[in-house]
Every structure is written in C-alpha cells, then in structure tokens.
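I opened the structure with the sequence beside it and kept notes as I went. The entries follow in the order I looked things up.

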Amino acid sequence: MFPTRHLLPLAALAAVLSYAVPSSAETIIDEWPNVKAPPPPELKSVRLDPKTTALILIDLIKQTCNDQRRPRCVGSIPKIEKLLAAARASGVTVIYTLFPSPSPATFPNPVIGDYVPALAPKGDEPVVTSFVDKFINGDKDTGLQKLLKDKGITTVVPVGATSHNGVLFTSVGAAFRGFNVIVPVDGMSGNNAYEDQAAAYTLTSSIVYKVTLTSIDMIKFQ
Amino acid sequence: MLVGGVTLAVGFGTSTLRAASVIDNWASVKAPSAPELKPIQIDPKTTALLMLDYVKQICNAQRYPNCPVRLPTVKKLLDQARANGVMVVYTGTTIPPSERTDIDPMVAPTGDEPFVKTVLNKFLNTDLEKILKDKGIATLIMVGQAAQGAVITTGSEAAQRGFKVIVAVDGIAGQDDYYEQYTVWHLGNAPLLANRVTLTSTDLIKF
C-alpha cells in the first residue's frame, strides 16, 4: 500500500496548481468570477537591530485615514502606535512620508501636522513626500535612499496606507535598492480586504525581489 | 533585497503563523466586480505601443503560459500600430538577463524600433522617458508581461510621469490568473491611476 504521507506533497501541489495555472481565455475579464486566491503567505518572526533599522510611516493622515474614507486604516492605528512606541524606545530611526495632492484645488497638499495624532512625529524625525514609491517622485529622487544610507540603515519596516500603493511600491523600491524589507501585514491597510490580500501576496511571491511578511507582535527590536 | 543576494542580516526566529489582519480572513476575501473595458480612438502621432518583455526567457509555456497564447493577438495589434505609423518601443529585463535578439520572432522589432532593458519599472535606469518625449509621445498602449511585474510598475510610473496609459487586457500575461486580475483592477482603480489609465482590449483600439 502506498503510504498516505507520500500523497500529501502531491495534494499540496495540486492545490497550488489549481489556482496557479493561467487560463487560455481571451481576457482575464472573462475569467473574473472564477479566479481563486492563492494560499495565504506565511508570517515570520523577526529580530531587528535597532541601530540599522528604520520604521517608515506611510501617508497616515487624517484626511484619508478615517472611518469614512478608510476604516481599515483606522483599525491599524493602535497596532502601529504600539510598534512606533517600541521602535522609539529601542532607538530605531523613524521616518514619515506624505503624498502630494493630485488635485490641490479640491484636496490641499497634506502637511506633517495632518498625521493622525496617535502617530504624530516627534522632534526632528524626517519627512519625505512622493506618490506611491517614496524613493522617487516622477523622475526626481526624494532623498530617502541617502537619508537611510547616511544613518547606516540596512533594514526598513514600512507601515501605513495604502497597502497596495505606498507600502507595496516603497517596499519593492527598497528591496531593489538593497535594503532588507520587513512588512507587518497588520500595519498596512487599503480600502478593502482585496487590496490587502493582493499586496500581501505580491510582496511575498516575487521571483525577483524578497520581502519578509510578519505581524507587529512578531517584531522584536534587540 | 534581490533574490539571490545576501541573506538577511537580521536574525529571524522560528516561522510561525499568528492571527493577523487579512491573513485571518484570507479565504473569504472577494474580488471587486470586473471593470468595464472601453473602446478608444488613439492619435497615432502621439501614441506609442510599449511591448513589455516579450523575450524567450519569460514568454514561454513554463514561465508565463498566457504569454505565448496571446502572441497572435498582440501580433495583430502590432501590425495595426505599425500600419498607422505608431511608434513601437520594446523592453527586456535583467532578471533573467535578456537582449533585443531574445524577443519572440512573432513580435520581434524591425528597423530602429527602440529597446530598453531593466527589471520591473522600465522608466528606472533607462532612457525610456526621453525616447518617448523626444517623439512627442503622450499616450502609451501597454501589452506584455509580467502583469504583476513590469506591467503594474511601468503602468503606474507612466501615469505618474504624466502619460495617458491604455492597457489592453488581452495583451498582458501574469504568473497566474490572480495576478492578472489584480493588475487589471489596480491599474483601473488605484488613486491617481484611475483618471489616467484606460482599460480596453486589442479589438477596442482604433487608430
């Protein structure tokens, strides 16, 4: 009799292939209702050296991180607040980001004073401004890479909103610039669960860059 | 960190799965409704067709199976573009390494059609923006792969740099259907992009 345990890898492979094999339909629009999510990524515990780690808070401003616009963002605030306190207590570098308004006439450019109070910066914690990937703004360098290198940072922990824009693209940008990237899944938020799921899957399934997915209570600074 | 680079300098503990955020509800997450594809009339003088990474190293049945399947559709669009004088620009990738000569013969470049090479975002570390702006290009039609890689990053970057972006959904291929679906949804809905990206299909593009 064939040992059952030998079938388990085959079952797992079959489960993977059931979502991974693309269809030959004309467009993904045709297949839209039938698309299945891949298995959830594994979260990993991490111990980070405070001297070489930076916590990057991404676009957590009152105008968008509120119950009306993004309730998932509001839900993430207490967790990020806990991480921020632990980071500061350990001497971790903390960096803030903002985004330029795409339509200043109706949505004034955010300023650092717009950060949600629980996560407001202290002292001279630096701020960079850009859309999505915080390392570049169009064809201009935001200075984030130099800021990190000058402080001897080798590991970044991006948190904030939105998961599928600022967090995702800044994480990818950091990975391509040689930084170790640690993303706590409960520290990022989009407009809905689908955006968070897609961001988590994208961050952990690339064949050209590596990002470690974790949760806030699985991060230790020491 | 790039795959293949040094291992993480930080210390990692034992891998464990803990209750957290979307991971808890992973299986119940539903995709939003499919977006509407729109017919579009383009100006050949100010439009370029961007052919992303049709190189043999990734456009094959093992790596991205939908790529070879969709080549005839892309070939038809390419022929129409050239017939109407639309600029055609090709890209390759550095992971894995590829060259202009690696582009699939069915859609290979002709004459002096430009070729730029980098991984993911094709605007980074290339002359792509200058190549386009020197020709007065304001609109990009994007086809290619990978949906979750070059398509989503280059499409986002093009929109941020002020280009109008047209994505032919039957001309892109991803690692799997989930990635293709998310890429289409993201490019059509993400902040800033929604107003600058048009989702369409090759037969809805008129020159």
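**A:Pro50.** I started with the contacts of A:Pro50 in this predicted model. Leaving aside neighbours within four places in sequence, I found A:Pro50 in contact with A:Ser90, A:Gly91, A:Val92 and A:Phe221. I then placed A:Pro50 in the loop between β1 (44-48) and β2 (53-58) of chain A.

**Chain A overall.** I noted 6 helices and 11 strands for chain A. Of its 222 residues, 46% count as buried. Next I looked at contacts in chain A with a separation of 6 or more. Residues 24 or more positions apart account for 76% of them.

**α5(A) against α6(A).** I took helix α5 (residues 163-176) and helix α6 (residues 193-205) of chain A as a pair. Their axes come within 9 Å and cross at roughly 10°. An angle under 35 degrees counts as roughly parallel, so α5(A) and α6(A) are roughly parallel to each other. I logged the crossing of α5(A) and α6(A) as right-handed. Which residues meet there? From α5(A) I listed A:Ser163, A:His164, A:Val167, A:Leu168 and A:Ser171. They meet A:Glu195, A:Asp196, A:Ala198, A:Ala199, A:Thr202 and A:Leu203 in α6(A). By class, the residues of this contact divide into 5 nonpolar, 4 polar and 2 charged. A reminder to myself on spacing: an α-helix has 3.6 residues a turn, so residues three or four places apart point the same way.

**α4(B).** I moved to helix α4 (residues 147-160) of chain B, which has 14 residues. From first C-alpha to last, α4(B) reaches 18 Å, close to the 20 Å expected at 1.5 Å a residue. How many residues of α4(B) are buried? I got 14 of the 14, so α4(B) is largely enclosed by the rest of the structure. Just after α4(B), B:Gly162 takes a positive phi of about 95°.

**α4(B) against α5(B).** The axes of α4(B) and α5(B) come within 10 Å and cross at roughly 5°. That makes α4(B) roughly parallel to α5(B). On the α4(B) side I wrote down B:Ala147, B:Gln148, B:Val151, B:Ile152 and B:Gly155. They meet B:Tyr179, B:Glu180, B:Thr183, B:His186 and B:Leu187 in α5(B). By class, this contact has 5 nonpolar, 4 polar and 1 charged residues.

**Where B touches A.** I counted 53 residues of chain B in contact with 54 residues of chain A. On the chain B side, β1 (11-15), α1 (21-24), α2 (66-83), α4, β7 (164-173) and α5 (177-189) each supply at least two residues. Which element gives the most to this side of chain B? I found α5(B), with 7 residues. By class, the side of chain B that touches chain A has 29 nonpolar, 16 polar and 8 charged residues.

I kept the backbone for last. Most residues other than glycine have a negative phi, and most peptide bonds are trans. I listed the exceptions I had looked up.

- The peptide bond from B:Ile95 to B:Pro96 is cis, with omega near -5°. I found B:Pro96 in the loop between β4 (87-92) and β5 (115-117) of chain B.
- The bond from B:Gln145 to B:Ala146 is also cis, with omega near -5°. B:Ala146 sits in the loop between β6 (139-145) and α4 of chain B.
- A:Asp59 has a positive phi of about 55° although it is not a glycine. I placed A:Asp59 in the loop between β2 and α3 (71-90) of chain A. A:Asp59 is buried, with 27 other C-beta atoms within 10 Å.
- B:Leu120 is not a glycine either, and its phi is positive, near 60°. I placed B:Leu120 in the loop between β5 and α3 (128-134) of chain B. B:Leu120 is buried, with 25 other C-beta atoms within 10 Å.

Technical notes. Residues are numbered from 1 along each chain as its sequence is written. Chains are lettered from A and ligands numbered from 1 in the order in which they are written. This is a predicted model: local features need pLDDT of at least 70, side-chain atom pairs count only at pLDDT 80 or more; totals for chains, interfaces and linings use all residues. Helices (H or I, at least four residues) and strands (E, at least two) are DSSP runs, numbered from the N terminus. The expected span of a helix is 1.5 Å times one less than its number of residues. A residue is buried if 20 or more other C-beta atoms lie within 10 Å of its own, exposed if 12 or fewer, and partly exposed in between; C-beta atoms are placed from the backbone. Two residues are in contact if their C-beta atoms, placed from the backbone, lie within 7 Å. Ala, Val, Leu, Ile, Met, Phe, Trp, Tyr, Cys and Pro count as nonpolar, Asp, Glu, Lys and Arg as charged, and the others, Gly among them, as polar. Axes are lines fitted to C-alpha atoms, for helices over the stretch in contact, and angles run from 0 to 180 degrees between N-to-C directions. Angles under 35 degrees count as roughly parallel, over 145 as roughly antiparallel, 65 to 115 as roughly perpendicular and the rest as oblique. A crossing is left-handed if the near helix is turned anticlockwise from the far one by less than a right angle, and right-handed if clockwise.
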